[in-house]
Amino acid sequence: MTYRPATKDQLLAIRVNAGIEELAKTEKFAAAEPDMVEAIVEGVGQFAAGEFAPLNRVGDLEGAKLENGVVRLPDGYEEAYAHYVEQGWNAISSPEEFGGQGLPFTLACNVLENLGTANMAFNLLPMLSVGAIEALEHHGSQELQQKYLPDLVSGKWSGTMNLTEPHAGSDVGALRTTAHLIEDGEHAGKYLIKGQKIYITWGEHELTQNIIHLVLARVPDAPEGSRGISLFIVPKFHVKPDGSLGPRNDVRCVSLEHKLGINASPTCVMSYGDNDECIGELVGAENRGLAAMFTMMNNARINVGNQGVQIGERALQQATDYAQERVQSARAGSAEKSPVSIIEHPDVRRMIIRMKALTEASRALLYYTAGQVDRGVLGDQDARSRGEVLTPLIKAWGTDIGIEVASLGIQVHGGMGFVEETGAAQHWRDSRIAPIYEGTNGIQAADLVTRKLALDSGEALTSLIEDIAREAGDEKALFDLAGDCAAIVKWMREDASLDDKLAGSVPFCTMLAVATAGWQLIRQLKAVESEADIARAKRATVRFFLDRIVPEASGLKASATAGGDSLYDIPTEALLH
């Protein structure tokens, strides 16, 4: 299929939901003027369609391969990535002092949206690098920043995040990778790293000159659990004082995971220190690594939510094209008995509009979140707190939506959707990882009902629900959903045990995300009412969301408040039979 960038809807979301014009009035983001924003959105859309999209299918079919310790990608990937670096797309929101453009995070989100819609697996490479830049910008010493950031910002080098170990899973505090201070010699003051990490996205490849691994490890006598974790930079190749590359570090890719999807993204098992010569440099202070890694993970969670938008848009486009081309049966009840395109049949039309409504709603939520992050960078504490509340919403609900829309896309294709040759199944297979990595969606929901429930003495969450209710206007279903969310918050704060909160966390997270997305769609519709060509389609999309999807979310209230006791009425042993 041909990928068409969703430029109009992206620009609308950037303008209305992120509030880019307001951001451009500040000194820091003054360059984000309308002409610049439009040039970036249109430019990266064209680049993604021309360079990344044609590689999506071959990447799925051929995938990444490990040959004699070297990860090989299908033909075309190296050239496309080189062009990505040459055109400066990696540097959009990075610090200007290290070669970045210093533009809002909102616009970096748009770069990733277009690249990921074109080729989700390939887009994970720049996405992880953005996170590494973020961690070093906030927690790295000036020396480390000068040494590593310029080439990470340009994209000449790429970055990874190394948390998970075979025995630990989501329990990062259980990691066993070690770091021992080097007392003398060439690497005095650095650390010897030893251990193994799994599920390392783009952990080994040949597309960049160097790979900068950010690795969590434990120094001797560190406190137990997550309080005793430190963060280290472990480059694939040592970096000399003049910035040139030295010999290879003692780090290697042991194997590649064989996955359900994102086959062009090498997911590596990485081994550090097989020869006891793996050198790492401490980022921040000892035993403070998790705070630095979470800086990387927080924006990564928003970017993973972005992947739900990406895969939804791609599946929507393919399903719509197929539904227009596929002719079958006369329209029910029509006097004309000749076959019509299946998009004319009510149930297919329902699926297509649902796909469109969910995709546009998740995009609105994405850019609203990004705009709050940008305001937080400018020093707006209320916006910073709201961005923290919104992050689990866009990560969890956004990725759930990606799966639903990709699944509907297969359904629109009928039996042909279950046949790999059409490519519809790839979108669903690719989508399925997003609710798992960067903290499962269950972990996101748990974060919402624990830490975020109490953020700013509860005001951060309460103020969001109040804003939704205040601006719902005549939309009774949305107003009622906001009321349901408020009632759940009250119950969780006053009556629920921790088990009760966690048992109801996922349905509550969905409810609040749908309410927020519905509110942001209303804002979009008001903004385009005078633009007839856009307003008609947007009105239909928004009406579908408010009239059908919002009431569905209200139906989750009973599940959100059912408590945890019933989950344990059946003994664990009984569940095994």
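Helices H5 and H7 are oblique to each other, a label for angles that are not under 35 degrees (roughly parallel), over 145 (roughly antiparallel) or 65 to 115 (roughly perpendicular). This is a predicted model, in which local features need pLDDT of at least 70, side-chain atom pairs count only at pLDDT 80 or more, and totals for chains, interfaces and linings use all residues. Residues are numbered from 1 along each chain as its sequence is written, and side-chain values use heavy atoms, without hydrogens and water.

**How H5 and H7 pack**

- H5 covers residues 77-86 and H7 covers residues 120-139; they pack at about 45°, with axes 12 Å apart.
- Here helices are DSSP runs (H or I, at least four residues), numbered from the N terminus, and axes are lines fitted to C-alpha atoms over the stretch in contact, with angles from 0 to 180 degrees between N-to-C directions.
- The crossing of H5 past H7 is right-handed, meaning that the near helix is turned clockwise from the far one by less than a right angle.

**Who touches whom**

- From H5, Tyr 77, Ala 80, Tyr 81 and Tyr 84 meet Phe 122, Leu 125 and Pro 126 of H7, where contact means heavy atoms within 4.5 Å.
- By class, this contact of H5 with H7 has 7 nonpolar residues, no polar and no charged ones.

**Cysteines**

- The whole structure has 0 disulfides, a disulfide being a pair of cysteine sulfur atoms within 2.5 Å.
- Cys 253 is in no disulfide, and its nearest cysteine sulfur, that of Cys 268, is 3.8 Å away.
- Cys 253 is buried, at 5% relative accessible area (buried means under 20%, with a 1.4 Å probe and protein chains only).
- Cys 268 is also buried, at 0%.

Notes. Helices (H or I, at least four residues) and strands (E, at least two) are DSSP runs, numbered from the N terminus. Ala, Val, Leu, Ile, Met, Phe, Trp, Tyr, Cys and Pro count as nonpolar, Asp, Glu, Lys and Arg as charged, and the others, Gly among them, as polar. Buried means under 20% relative accessible area, exposed over 50%, partly exposed in between (1.4 Å probe, protein chains only).
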